[in-house]
Amino acid sequence: ICELANTLSVYSYDGTGTLPKFECIQKLPTIPKGVNNLTASITLKLSHDNQYIYISNAGDNSISIFKRDAETGLVTFLNAIPIAGDYPKDIAIFPDDEHICSVNHETGTLTFFTINHEKGLLIMNQAPEKVDEPNCCQFVCIDDEN
């Protein structure tokens with residue numbers, strides 16, 4: 001992603017030669033047209049199955065959702081959803097690929113959502129959880145038997 005240009009670039013990769021070759025095959029905005037220019041695309045995360053891309057947008061205070069075509073690598077913009085907080089500095093995708101958390105630095109909150117992949121929506125699960133100056137977040141699956 002290009003933070004200040006608010007764009008997502010998709011590249012093809014060819015590693016068969018002596019030097020790897022990259023070619024830009026797609027470039028698209030990370031936010032809908034008409035959104036405030038003071039927005040910055042901050043974080044890019046892939047779902048664990050590599051079918052979806054999530055990008056946090058500070059200023060617009062949203063998470064953009066893209067669907068990725070496994071054969072071509074091209075992506076389609078689905079939606080940009082408000083996150084009910086300010087400056088989403090990071091996002092974390094739960095191991096089940098069905099839930100996501102936005103880490104909202106300026107409001108000192110975490111917001112949790114269920115992902116509706118069919119409609120390209122995030123459904124908020126609860127009121128924002130207050131934390132001290134969050135910067136990043138990662139969820140780790142722990143096996144109950146060990």
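Which residue in β11 does leucine 110 stand opposite? The legends below, which describe a predicted model, come to this pairing in the second view.

**View 1. Strand β9 and its surroundings.** Strand β9 covers residues 109-116, and six of its eight residues are buried, so the strand is largely enclosed by the rest of the structure. In a regular strand the side chains alternate between the two faces of the sheet.

**View 2. Strand β9 beside β11.** Strand β11, made of residues 129-130, pairs with β9 in the antiparallel sense over two bridges. Here leucine 110 stands opposite glutamate 129 in β11, which settles the opening question.

**View 3. The hairpin of β8 and β9.** Strand β8 (residues 99-104) pairs with β9 in the antiparallel sense, and six bridges join the two strands. Serine 102 is found opposite threonine 111 in β9. Four residues lie between β8 and β9 in this hairpin, and in the turn glycine 108 has a positive phi of about 60 degrees.

**View 4. The hairpin of β9 and β10.** Over four bridges, β9 pairs in the antiparallel sense with strand β10, which holds residues 121-124. Methionine 124 in β10 is the bridge partner of phenylalanine 113. This hairpin also has four residues between its strands, and glycine 120 in the turn has a positive phi of about 65 degrees.

View 5. Ile1, Leu44 and Leu46 make a nonpolar surface patch of about 230 Å². Isoleucine 1 belongs to the segment before β1 (7-14), and this residue counts as partly exposed because its relative accessibility is 38%, a value between the 20% limit for buried and the 50% limit for exposed.

Terms used. Residues are numbered from 1 along each chain as its sequence is written. This is a predicted model: local features need pLDDT of at least 70, side-chain atom pairs count only at pLDDT 80 or more; totals for chains, interfaces and linings use all residues. Side-chain values use heavy atoms; hydrogens and water are left out. Patches are made of residues with over 30% relative accessible area and no salt bridge: like charges are joined within 9 Å, nonpolar side chains (Val, Leu, Ile, Met, Phe, Trp, Tyr) within 5 Å. Accessible areas come from the Shrake-Rupley method with a 1.4 Å probe; for residues, only the protein chains shown count as cover. A salt bridge is a side-chain nitrogen of Lys or Arg within 4 Å of a carboxyl oxygen of Asp or Glu. Buried means under 20% relative accessible area, exposed over 50%, partly exposed in between (1.4 Å probe, protein chains only). Two strands pair if DSSP finds at least two bridges between them.
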